Amino acid sequence: MAENIKTARILKFDIFRYNPAEPDKPPYMQRFEVEEAPYMSLFLALNQIREEQDSSLQFDFVCRSAVCGSCGMMVNGRPALGCQTLTADLPEVIALHPLPTFALIGDLSVDTGRWFRSMVDRVNGWIERETEFDRASIEAPMDNATADKIYEADRCIECGCCVAGCAVANVRPDFLGATGLNRIARFMMDPRDQRSEQSWFEVVSDSEGVFGCIGMMACDDVCPKDLPLLEVYSYVRRKAVASLFSSGEDHPARREAEKA
Ligand code: SF4
Ligand code: SF4
């Protein structure tokens, strides 16, 4: 009987520590040990560390159910949500770093809000119409297939994992990333948006947009909500190339497509 009793693992958390408010103190890794409990998530382990070992540890959580997108972090080098990641799926030594590409607030906490606000402003991430909105009229119906596609794109929780996992976004702060392309696609698909093909083309068709993407789909691998980012990328790229050909504009991407 005694051999069936499993002893709990002692997890070793190596956590990145840095407080930008103390610039003279260089970043360092600090080790904490925690006894693993059944169904322990990183959220539970980090809370336990903060409550019992170091109250100064900074990290973000709000909903604890993969909805608010606050708890993105690098878990053994891979972007993931802390609330969704169970320690049982990880080895005994767990390295935690803040998501790269976002401004660091301290330790594991980053400012994704500023990045997302700037991305939404750059792509005009809202419905644009030529005609004025008439509050008195009945909302135009939408077919189910289109509504489903828009719903899929709207499931993005703006956690930033796809941006942190993207090689291009890591070296180009102006790159829109998969979540930016997803945001654009969401409004491209929406029949209520009356922007012209050409105006979409101006938003996406440069190296900050779809032509900067190298298509290796790390974003698709790490998205904790399993958004169909590969489909989104193909959709936006197809639209951009079609618009490029119809405009007749001499663009490096067009020359590349013609050579292929
Ligand atoms: S496919 Fe690669 S380069 Fe393009 S957005 Fe995704 S991770 Fe970034
Ligand atoms: S696309 Fe996925 S990984 Fe990227 S921000 Fe949205 S939910 Fe997070």
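Two strands pair if DSSP finds at least two bridges between them. With that settled, here are my notes on the structure.

1. Ground rules. This is a predicted model: local features need pLDDT of at least 70, side-chain atom pairs count only at pLDDT 80 or more, and totals for chains, interfaces and linings use all residues. Residues are numbered from 1 along each chain as its sequence is written, while chains are lettered from A and ligands numbered from 1 in the order in which they are written.

2. The overall picture. The protein chain has 10 helices and seven strands; helices (H or I, at least four residues) and strands (E, at least two) are DSSP runs, numbered from the N terminus. Its C-alpha atoms fill a box of roughly 70 × 45 × 40 Å along the principal axes. Of the 260 residues, 32% are buried, meaning 20 or more other C-beta atoms within 10 Å of a residue's own, with exposed at 12 or fewer, partly exposed in between, and C-beta atoms placed from the backbone. Among contacts with a separation of 6 or more, 65% link residues 24 or more positions apart; a contact is two C-beta atoms, placed from the backbone, within 7 Å.

3. Two domains. The assignment gives domain 1 (7-109) and domain 2 (124-259), with bounds taken from an automatic or database domain assignment. Their centres, taken over C-alpha atoms, are 32 Å apart. At the interface, 15 residues of domain 1 are in contact with 12 residues of domain 2. On the domain 1 side, β3 and β4 each supply at least two residues, and β4 gives the most, with four. That side divides into 10 nonpolar, four polar and one charged. For the classes, Ala, Val, Leu, Ile, Met, Phe, Trp, Tyr, Cys and Pro count as nonpolar, Asp, Glu, Lys and Arg as charged, and the others, Gly among them, as polar.

4. The strands behind that surface. β3 (residues 72-75) and β4 (residues 78-81) pair in the antiparallel sense over four bridges, and M74 stands opposite P79 in β4. The two strands form a hairpin with two residues between them, and N76 in the turn has a positive phi of about 50°. β3 also runs antiparallel to β5 (residues 93-97), joined by two bridges, with V75 opposite L96 in β5.

5. G165, worth a click. This glycine lies in the loop between α4 and α5. G165 counts as buried because 27 other C-beta atoms lie within 10 Å. Leaving out residues up to four places away in sequence, G165 touches P79, A218, C219 and V222. The C-alpha atoms of G165 and L99 are 8.6 Å apart, although 66 residues separate the two along the chain.

6. Ligand 1. There are 13 residues around ligand 1, and the closest are C166, A178, C213, A218 and C219; a residue is near if its C-beta atom, placed from the backbone, lies within 6 Å. Elements giving two or more residues to this shell are α5 (167-171), α6 (177-188) and α8 (218-222). The largest share, three residues, comes from α5. By class, the ligand 1 shell has 11 nonpolar, two polar and no charged residues.

7. Ligand 2. Of the 13 residues around ligand 2, C156, C159, C161, C162 and C223 come nearest. Here α4 (161-164) and α6 are the elements giving two or more residues, and α6 gives the most, with three. The ligand 2 shell has eight nonpolar, three polar and two charged residues.
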